[in-house]
Structure formats: C-alpha cells, structure tokens
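I opened the file to see how this chain is put together. My notes follow in the order in which I looked things up.

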Amino acid sequence: MDPKNITQVIEFVLIGVSEVAELQIPLFLVFLVIYGLTVLENLGIITLTTVDSQLQTPMYFFLRHLAVINLGNSTVIAPKMLVNFLVSKKTTSYYECATQLGAFLVFIVAEIFMLAVMAYDRYVAICNPLLYTAVVSQRISLLLVSLTYLYGFCTAIMVSSCVFSVSYCSSNVINHFYCDNVPLLALSCSDTYIPETVVFISAATNLFFSMTVVLVSYFNIVLSILRMRSSEGRKKAFSTCASHMMAVTVFYGTLLFMYLQPRTSHSLDTDKMASVFYTLVIPMLNPMIYSLRNKDVKAALRRFMTNPCCSFKAM
C-alpha cells in the first residue's frame, strides 16, 4: 500500500460493554451504582486509615494505598464508560486513548505488586512477630509503596509506548469499553510482533513474580499457623490474613482465567467480561472484604461515625 494513501487514525470508537440499544440505560444505572460504591468505600478506607490513631500500622498503610490504587483504577475507566452509555458517538481521541491505557497500566500493575507487598507484610507479622517493627518499619513500608508505584509507572510507559508505536490506519472501532492493549493491537495495520511480545512478557513476568511472593508468603504462613499449639492463636493468626487471602484469590483468579484460556476459546468478548470484573467490580469488593472481616476497621468506623474528633486522639 502506498504510504500516501494511508489515513492515520486520529480517534477511536469504543463499542462498550454491549451494543444493544435497549441495554444502555440499565447498564448505565448498574455501573453508576458500582462506581459510586467504589468511590465511597475506598474514600472511607483511605480516611479511616489516615485519621484513626489505632490504624497507624504497616498493614493499614498498605491497605490505604490499595484503596488509592482501586479508586484510581476505577476512575480511569468508569467516567468515560458511563458517558458512552448515554451518547450515540462513543469516540475517544488518539491521545486520550493513549493516556487512558497508560494510566490503567500504572494502577493495574501497582495493584498486582501491592497485593504481593501485603502478603509479605502478613508473612513477617505471623512468622517473625518479634522482628516485625524492624523488618516492616515506616521507612521500609514507604520504600515498598514507592517502588510499587514507580514500577507501575515504568511498565506503563514501556508498554503503552510499544502499543502506540505501531500504525493505526484503517479500522478504528475498539471491541472494548476502554483502551486496552489487546483490542488496540488487533486494529493495527502494521507488524505487531514486537509490541505483542512486550505485552506478553510484561504480563507474564509481573504475574509470575507477584504470585511467587504471594504463594511463598502464604505457604510459610500456613506452616507457621499449623505449628501453633493454641487453637486460639491459630484462629487469631488466620483472621489477620483471611481478608487479604480472599482479595488475592478473587483478583488473581480473574487474571488467571483471562490469561490461561485456551487460544481456541479465547475471545475479545471474554476479555471484556473479565475486564469488567477486575477494573470495576473488584475495586468495589475489596473495601467490603477488608471491612466486613476486620474488627479493627469496623471499630474505627464506629468511632468515626460516633465522634469523628476522637479518631485524632493520641496521634
């Protein structure tokens, strides 16, 4: 094809969750409720773990940043998605699409490694309680969180740069509700071998290392709990990591379902449904998981609702 005859894409069209016209308003209302709950719940976790004097520990410091990540991840996706339910022209500019992909990658990669950091935190707390304050000090906690965000940012720059280094010059209709790398690369009119390889290696590497940390941490946690003589001690130890285990299972289960499908049954529609879960549903579920199963968070919420000023005492 003559390069002079190629028309470079300047905007993309997002198909959305569904193309059925009758479903647009019901879906808008459903996802509006999901996003509204996500914002309220995660802001609640951020507020409680910031102001309550009894939640100033590394565990709740990491939980606060998980809430920040969940809120950021949903906010990158949901507002544009909600607007597209109500408009007939579901377009997004080339640079807006690139920005959305980059921001999404920052938060999703940060979440993958924040869950690994939280698993390591629980491992130290249960397996080496006497060394906990030294191993997971305030300085180390800040360093781990900073590295998590920095790695997410670097990954986002690398992957999004590769995805948008190829040419988009014919179809501009993305079979998704946001700008994701797989449906974007499917539209390219140039060779996508290098960006596809970068995306695959990045995703596989991130999942492998983060899941290794999580599995090794929980393997040692389980061994430590089984060695405890007191049933009360075992129950208390398990309760400190039960919420995180549930959040990890839901999140990694969704990602593994998405990436380990046989290629014969793999489709962009399946990816779309999985994406709904880990970009919108999980950020709403995480605060529920951590608050409903955590006595400290529930007690902090009661104190804050009864007398907000008392949360600041002894800080």
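Helices (H or I, at least four residues) and strands (E, at least two) are DSSP runs, numbered from the N terminus.

**Ground rules**

I note that this is a predicted model, in which local features need pLDDT of at least 70 and side-chain atom pairs count only at pLDDT 80 or more, while totals for chains, interfaces and linings use all residues. Residues are numbered from 1 along each chain as its sequence is written, and side-chain values use heavy atoms, with hydrogens and water left out.

**Phe12**

I listed what Phe12 touches, leaving aside neighbours within four places in sequence. Its contacts (heavy atoms within 4.5 Å) include Lys90, Thr91, Thr92, Tyr94 and Cys97. Phe164, Tyr168, Asn172, Ile174, Leu184 and Leu187 are also in contact with Phe12.

**The UniProt record**

I checked the unreviewed UniProt entry, which lists residues 27–49, 61–81, 101–120, 141–168, 207–226, 238–261 and 273–292 as "transmembrane region". UniProt positions are given in the numbering used here, feature names are shortened, and annotations may be inferred rather than shown by experiment. I then looked at two of these ranges in the model. Residues 27–49 are 100% helix and 0% strand, with the end C-alpha atoms 33 Å apart. Residues 141–168 are 82% helix and 0% strand, and their end C-alpha atoms are 42 Å apart.

**Nonpolar patch**

I found a nonpolar surface patch of about 500 Å², made by Ile25, Leu29, Leu32, Val83, Leu86 and Val87. Patches are made of residues with over 30% relative accessible area and no salt bridge; like charges are joined within 9 Å, and nonpolar side chains (Val, Leu, Ile, Met, Phe, Trp, Tyr) within 5 Å. Accessible areas come from the Shrake-Rupley method with a 1.4 Å probe, and for residues only the protein chains shown count as cover. Helix H1 (24–51) and helix H2 (58–86) each supply at least two residues of the patch. The largest share, 3 residues, comes from H1. Leu32 is found in H1 and is partly exposed, with a relative accessible area of 39%. Buried means under 20% relative accessible area, exposed over 50%, and partly exposed in between (1.4 Å probe, protein chains only).

**Salt bridges**

How many salt bridges does the structure hold? I count 2. A salt bridge is a side-chain nitrogen of Lys or Arg within 4 Å of a carboxyl oxygen of Asp or Glu.

Glu96 pairs with Lys80, the closest N and O atoms being 3.8 Å apart. This pair links distant parts of the chain, Glu96 in helix H3 and Lys80 in helix H2, 16 residues apart. Glu96 is partly exposed at 37% relative accessibility, and Lys80 is partly exposed at 21%.

Asp121 and Arg122 form a salt bridge at 2.9 Å, N to O. Asp121 and Arg122 are both buried.

I also took the contacts of Lys80 beyond four places in sequence: Thr91, Thr92, Glu96 and Gln100. Lys80 and Tyr132 are 52 residues apart in sequence and 43 Å apart in space, C-alpha to C-alpha.

Is Leu115 buried or exposed? Leu115 is buried, with a relative accessible area of 1%, and its place is in helix H3. Beyond four places in sequence, Leu115 is in contact with Leu66, Val214, His244, Val248, Phe251, Tyr252 and Tyr290.

Thr155 is found in helix H5, residues 138–163. At 4% relative accessibility, Thr155 counts as buried. Not counting residues up to four places away in sequence, Thr155 touches Val109, Ser202 and Asn206.

Val166 is in the loop between H5 and strand S3 (173–174) and counts as buried at 7% relative accessibility. I noted its contacts beyond four places in sequence as Leu185, Ser188, Ser190, Asp191, Thr192 and Pro195. Val166 and Arg303 are 137 residues apart in sequence and 54 Å apart in space, C-alpha to C-alpha.
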